[in-house]
Amino acid sequence: MRQRRSPVAGSSKSVARQQSVSHISPMPTDLPSVSTFPAPSDIAPVDPERSPTQAVHYWLGRDIVRGVFAPLERLKIDQLVSFYNVGHSPVREAILLLSAGGLVVHEHQKGHRVAPVSLADYTDLLNVYLRIYRLALKMALENGDDGWEETVIVQLHRSLKVQKNFDDPEHREMWQRAYGNLHYALLAGCGSPLMIKLWMDLGNRLERYVNLFADRAVDLTLDHHSKHREIVDALVHRDAARLEQSVSDFFALGASFQRSVAVALAAYEATPVIEEADPNEPIVRKRGRPRKNPAKT
């Protein structure tokens, strides 16, 4: 009989997965899919009718990052076809694309699962991400032109209009999109698609750890807006020394936040193993921190 980890000790009861009665059942989760959000800017950056593969790639990627799908959850093609209301080919192609970015893993002759999580992986990701970010920003300062500066200023202005509100899933997605778009604009000036791709893949994997394990109460106390203003101001004035200091201050701001992720991950890995009732079901553990309003089982 398979075994799985129990919920993190001290947490409220985890949200149990409902069993799907057929392949047309909705994906059992306590979070809505990004594909269901009413705001067009949150749904997808492409037209799902014209580019279904790109749309599913975006939806599934964001839903994995946001925690709609749990670590090690099996990605069943038929279920995803019904969930996203698309054909089989776009789903298969999207899964393969996400495999290349590290959000999905393949098991020989068993299909694909959502990537596992671990404290060692988080620590490694964070270390490499910070190094890649600094290198890309240094390159952007050297290579970026006036058009790049203007784009950064516009994205800063847009991001300042979005306030942190983590109680509502769509508003949280809006905050994360605004945050991500600003940093993408900052680093895009480096002129290296390869560097940007690497940074985005690392960033998506780190963001998943944040959504699964971070203490949101700590995050809400952090003033990201003021640090973003400092970074952009140093960039506009082409002050490399001040920009480096502003980035260091920005990363230092998140130290307590990062510790909360590490502590939750350590507890997650230390939880006892319990028997899995159904040996045919995958070994899946629920998200590291329970939602404020979990779905009733």
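Before the details, two remarks on the model. The model is predicted, so local features need pLDDT of at least 70 and side-chain atom pairs count only at pLDDT 80 or more, while totals for chains, interfaces and linings use all residues. Residues are numbered from 1 along each chain as its sequence is written, and side-chain values use heavy atoms, with hydrogens and water left out.

Start with the overall picture. The protein chain has twelve helices and five strands. Helices (H or I, at least four residues) and strands (E, at least two) are DSSP runs, numbered from the N terminus. The chain has 297 residues, and 44% of them count as buried. Buried is under 20% relative accessible area, exposed is over 50%, and partly exposed is in between, with a 1.4 Å probe and protein chains only. Take the contacts between residues at least 6 apart in sequence: 77% of them join residues at least 24 apart. A contact here is heavy atoms within 4.5 Å.

Now two helix pairs. How do H6 and H7 run relative to each other? Their axes come within 9 Å and cross at roughly 165°. H6 and H7 are therefore roughly antiparallel. Axes are lines fitted to C-alpha atoms, for helices over the stretch in contact, and angles run from 0 to 180 degrees between N-to-C directions. Under 35 degrees is roughly parallel, over 145 roughly antiparallel, 65 to 115 roughly perpendicular, and the rest oblique. On the H6 side, the residues in contact include Trp 148 and Leu 156; on the H7 side, they include Leu 182 and Leu 186. By class, this contact has seven nonpolar, four polar and no charged residues. For the classes, Ala, Val, Leu, Ile, Met, Phe, Trp, Tyr, Cys and Pro count as nonpolar, Asp, Glu, Lys and Arg as charged, and the others, Gly among them, as polar.

The second pair is H8, residues 193-213, and H12, residues 255-270, which pack at an angle of about 70° with their axes 9 Å apart. That makes H8 roughly perpendicular to H12. From H8, Tyr 209, Val 210 and Phe 213 take part, and they meet H12 residues including Phe 257, Val 261 and Tyr 268. The contact of H8 with H12 has eight nonpolar, one polar and no charged residues.

Next, charges. Side chains of opposite charge can pair when their charged atoms come close. This structure holds 15 salt bridges, each a side-chain nitrogen of Lys or Arg within 4 Å of a carboxyl oxygen of Asp or Glu. One of them joins Arg 62 and Glu 173, at 2.8 Å from N to O. Arg 62 lies in H2 and Glu 173 in H7, so the pair ties together parts that are 111 residues apart in sequence. Are these two residues buried or exposed? Arg 62 is buried at 10% relative accessibility, and Glu 173 is buried at 1%.

Asp 121 and Arg 205 form another salt bridge, at 3.1 Å. Asp 121 is in H5 and Arg 205 in H8, 84 residues apart. Asp 121 is partly exposed, at 23%, and Arg 205 is partly exposed, also at 23%.

Lastly, Lys 164 and Asp 219 meet at 3.2 Å, N to O. Asp 219 is buried, at 7%. Elsewhere, salt bridges that share partners join Arg 62, Asp 63, Arg 66, Glu 173 and Glu 207 into one network.
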